[in-house]
Amino acid sequence: MGVIYILITISIIVAVFFLYAFIRAVRSGQYDDDYTPSVRMLFDDELKIKSNKKPIQTIKEKQV
Amino acid sequence: MNTGNCFHCGIEINKKEEIIYDEKSFCCNGCKTVYEIFSQNDLTCYYDFQASPGATPQDIQGKYDFLDNESIVTKLLEFQEDTTHIVSLYIPHIHCSSCIWILENLQKLQQGINTSQVNFPEKKVRITFNPEEISLKKIVELLCSIGYEPYISLENFDEGKKVIDRSLIYKIGVAFFCFGNIMLLSFPEYFEVEEYWINEYRGFFRWLIFAISLPAFFYSASGYYVSAYKSIKSGMLNIDIPIALGIVVMFIRSTVDIVFDYGQGFFDSMTGLIFFMLLGKLFQQKTYDFLSFERDYKSYFPIAITKILADGSETSVQVYDIQKGDRLLIRNQELIPVDGILISEKASIDYSFVTGEAVTIEKKSGDKIFAGGKQIGKVIEMEVLFSVSQSYLTQLWSNDVFQKKIDIKHKTVTDKISRYFTPALLGLAIISFLYWIFIDTNTAFNVFTAILIVACPCALALTAPFTLGNVLRILGKRKFYLKNAIVIEQLAKVDSIVFDKTGTITTNKKTAITYEGTPLNDFDLKLLNNALRGSNHPLSRRLYEFIPNQIKLIPTHFEEIIGKGIYAEIDGNTIKLGSSQFLKTMTENTHKKTKVHVEINGVYKGSYVFNNQYREGLEQLFLQLSKKYNLIILSGDNDGERKILEKMLPSTTKLVFNQKPEQKLEYIEELQKQGKNVMMIGDGLNDAGALAQSNIGISISENVNVFSPACDGILDASQFQKIGFFMNYSKKAMKTIFMSFGLSLAYNVVGLTYAVSGNLSPLVAAIIMPLSTITIVSFVTIMTNFYARNSQPATRNFQPATKNNPA
C-alpha cells in the first residue's frame with residue numbers, strides 16, 4: 001500500500017503545477033482584458049476568405 | 001441600396017450633401033475618404049462586423065504639433081528602445097468589433113507599425129512601432145484620418161507607470177488550491193471509520209493537510225490580520241477582528257489536535273472560509289474600466305499649446321511651462337488652459353466643460369477669458385495672465401476636499417454590526433469557558449475554541465459584498481455606474497439632494513425653436529433678423545442664429561427695454577419683439593414655455609417658442625423625491641429662471657442662484673454641518689468641488705465616455721428620471737443585507753448550540769460553513785434581482801451606448 005505515498009505526491013505536484021501556471025497567466029496580464037480576445041479570435045477566418053476577392057463587397061450587399 | 005444613412009458613420013444623410021461613391025452613399029467627404037482608404041487597402045471587412053461603425057474624421061490641422069516635441073513624446077511612450085516604441089492611446093470611439101478589427105490591422109495601413117492590440121473594455125489601443133520609419137505624430141494623424149481620434153490630455157503626461165494590483169487574484173488562486181486539496185485529503189476521515197487502512201495513513205494525511213494549509217493561512221488570509229490589527233489600533237471594532245480571530249484560533253486548535261492526535265482539525269473549513277471570503281471581496285470589486293471616477297481638470301486639459309515667440313514664430317510648449325505674459329495661439333476646438341486676455345478681435349468660447357451650458361459666449365478683444373473654455377471657430381491669440389495652477393478654475397483643486405482620502409469618512413454597515421457582534425461573541429466564548437472549566441478543563445478549551453470557530457462571521461462578512469456587488473452590476477446595466485459598493489450604502493442614507501441647474505436638470509443639447517402664428521415672408525424675416533442683431537439678450541442671440549442670414553440693414557431706431565423686449569425701426573417699418581406684456585396683444589400665461597412674440601408694423605404675427613429645455617420627467621421626479629428628500633437647486637446662473645422653476649417644481653424645493661464653484665462647495669459643507677447627508681448631482685467642472693465635498697457626488701453625463709468630473713457615480717443622462725428608482729433600490733438593497741444578516745445569525749446560533757455543548761465535530765463544521773455561504777449568496781442574489789424587477793421595469797432598449805455620433 002506504499003504506493004499511496006507516491007500517488008498522493010504526484011497528485012500534489014500536478015496541482016502545484018497548475019497553481020503555478022495560473023499565477024503566471026495572471027501575472028502576464030492575460031486576465032486583464034477578458035473581452036477583446038473573444039472577439040479577436042473570430043477575425044482571422046473572415047480575413048482569409050476576403051483577401052483573395054478584389055471587387056469589394058460587404059455581406060450586407062450580398063444579401064440584397 | 002442604403003436607406004438614407006451614411007454607409008460609414010450611419011448618420012442620416014442630408015440629401016443636398018449626399019456623396020455617392022462606389023455605389024454607396026456618404027454624408028460627407030470625410031466619411032468617403034475613410035472608405036476610400038479602407039477599400040484601397042483591402043480593409044472593407046470593417047463594414048461587415050457591424051453596419052456603419054465609423055466616425056467622421058475631425059479636422060485636426062496643427063492640433064498634434066506638440067508631438068514633434070521629443071520630451072512630450074517620451075512621456076507618452078510606454079516603452080522606448082532604438083527601433084521599438086510602444087504607446088497606449090485612449091480612443092473614445094472604440095465601440096464595436098469593427099473597431100477592434102480595423103485598429104488591430106493598422107500595420108496594413110501604415111509601414112512602420114509592427115503590431116497593435118486593442119483593449120476593448122478600456123477603449124485603448126497599444127501600438128508597437130518603429131520610430132525610424134514612423135513618428136508618433138504620424139500615427140496619431142493616421143488614427144484621426146480614419147475617424148479614431150485618440151484622446152491625449154494632461155493626465156497622460158502626469159501619470160507614471162500604472163501598477164496593476166493583482167494580489168487578490170493570487171490570494172484566491174492559492175486559497176482555492178489549498179481548499180480543494182485539503183477537502184480531497186480529508187475525505188477519508190469524514191467517515192470516522194476505525195479501519196486498518198485509515199489508521200495506517202492517518203498521520204501522513206494529517207500532516208500533509210497541515211502543510212498545504214500553510215500558504216492559505218499565511219499568505220491568502222494576510223489581509224485580514226493586517227486589517228484587524230489596524231482596527232484594534234484605531235479603536236474601531238470592524239468585522240475583520242472576529243474573522244482574523246476565527247482563522248487564527250482554527251489554525252492553532254487544529255494544529256494542537258493533530259500534534260496530540262485528538263482529531264483531524266478544521267483545516268478544511270478554515271481554507272474554505274478564506275477562499276469564500278476572498279471571493280466575496282473580488283465580487284464586490286466591480287469596476288468599469290472605461291470610466292474614470294478620479295478625473296480633475298487634468299483630464300480635460302491639453303498637454304501642450306502653441307506659443308507665439310517674440311519673433312512671431314510658433315512653437316509648442318508644455319502647459320505647465322506657460323508663464324505670465326506669454327502669447328498663446330488657440331485653434332478651433334482647442335481648450336484654453338490658462339486665464340488670459342483676448343488679443344484677437346473676436347472669439348466665441350464654449351464653456352460647456354465648466355458650466356454644462358453648450359451655448360457659446362462671444363468675447364471681444366481685451367476681454368478676460370477663463371481657463372476651461374473651448375474656442376469655436378477661427379484661430380485666436382491671447383496673452384496669459386496666470387499660470388495653470390493659479391487660474392480661476394484650477395484653483396478649486398487646491399481646496400482641502402481634494403486632498404482627503406474619501407474612504408475614511410464612510411463606515412460600512414458591516415462594521416457597525418460588528419461593533420456589537422465582536423464583544424458579544426467574545427463574551428459568550430468567555431462565559432462558556434468559565435462554565436466548563438469547573439466541569440472539565442479539556443472540554444472548556446474545546447468549547448472556547450469551537451465558539452470562536454463557528455461564530456467566525458463568514459456568512460456575515462459575505463452578506464454585504466455579495467449584495468452590494470450584485471446591486472452594483474444591476475445598476476451598471478441600467479447605466480448608473482457607481483465607483484464602488486460603499487456608495488450604495490451612502491445612497492440609502494441620503495436625506496438631501498442638491499441639483500446643479502445647467503446641464504443637470506436641463507439638457508445641454510441645443511433646444512429647438514418653433515414658430516407659431518401667421519407665416520412670415522422673407523421680408524419679415526429680414527426685418528426681424530436685423531432688429532435682433534443689435535440685441536445681446538440670450539434669447540435674441542439664439543433667435544438670431546436660428547433665422548437664416550439676411551442682408552444687413554441698419555435700423556434707424558433701436559431700443560431695448562430690459563426684461564421686456566426690443567423696439568426697432570428699419571426703413572420705415574416698425575418691429576416689436578418680446579414678451580406678451582410688452583406687445584400688449586395677448587394675456588397668455590404659459591410659463592412652462594419661453595416665447596418671443598413678434599409684431600411687425602403694428603400687426604401681431606405670432607411667436608417663436610423656445611421649447612422646454614428641462615430634462616424629460618423632471619417634474620414627476622421632483623414631485624416623487626420631494627416626499628422623502630430635501631431638494632435644493634444650486635445654480636451658477638442668475639435667477640432669470642426662478643419663476644419658471646418655481647412653477648414647475650414642488651414648493652419645498654429650495655432655489656439658490658449665483659453660486660461660484662467655491663460657494664457651491666461651502667453650501668454643501670453648511671448642509672453637512674446641519675447633520676444632513678447630502679447627495680450632489682452635477683455635471684460640469686464647476687461642480688467638482690461640491691461633488692467632492694458631498695457625501696455622494698453623482699455626475700450626470702450625456703455620453704458616459706466623454707468626461708465628467710471626479711465623483712462617486714456617473715449617471716447616463718437618459719436615466720435622469722429614474723433617480724427616484726435608484727434611491728429606492730439602494731434602500732431595498734440595505735434591507736436585503738439586514739434580512740440576510742438575520743439569516744446568517746440564525747446559522748451562527750445553530751452552530752453555537754453545537755459549540756457550547758462541546759459537540760462540534762470537524763464534519764459538522766465542514767458542512768455548516770459552505771452551506772451557510774451558499775444560502776447567503778443565493779438569498780441575496782435572488783432578493784436584489786427581485787427588487788430590481790419589482791420596483792420599476794428596466795429599460796430594455798440597450799442602444800450601443802458607447803457610440804458618440806457627432807451631432
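In an unreviewed UniProt entry, residues 6-23 of chain A are listed as a "transmembrane region"; UniProt positions are given here in the numbering of this text, with feature names shortened, and such annotations may be inferred rather than shown by experiment. In the predicted model, the span of residues 6-23 of chain A is 100% helix and 0% strand, and its end C-alpha atoms lie 26 Å apart. Helices (H or I, at least four residues) and strands (E, at least two) are DSSP runs, numbered from the N terminus.

Residues are numbered from 1 along each chain as its sequence is written, while chains are lettered from A and ligands numbered from 1 in the order in which they are written. Because this is a predicted model, local features need pLDDT of at least 70 and side-chain atom pairs count only at pLDDT 80 or more, whereas totals for chains, interfaces and linings use all residues.

The model scores ipTM 0.74 and pTM 0.73. For chain B the mean pLDDT (the predictor's confidence in each residue, from 0 to 100) is 79, and 88% of the residues reach 70 or more.

Strand β27 (residues 696-701) of chain B runs parallel to β28(B), joined by four bridges, and Ile700(B) stands opposite Leu715(B).

Methods
Two strands pair if DSSP finds at least two bridges between them.
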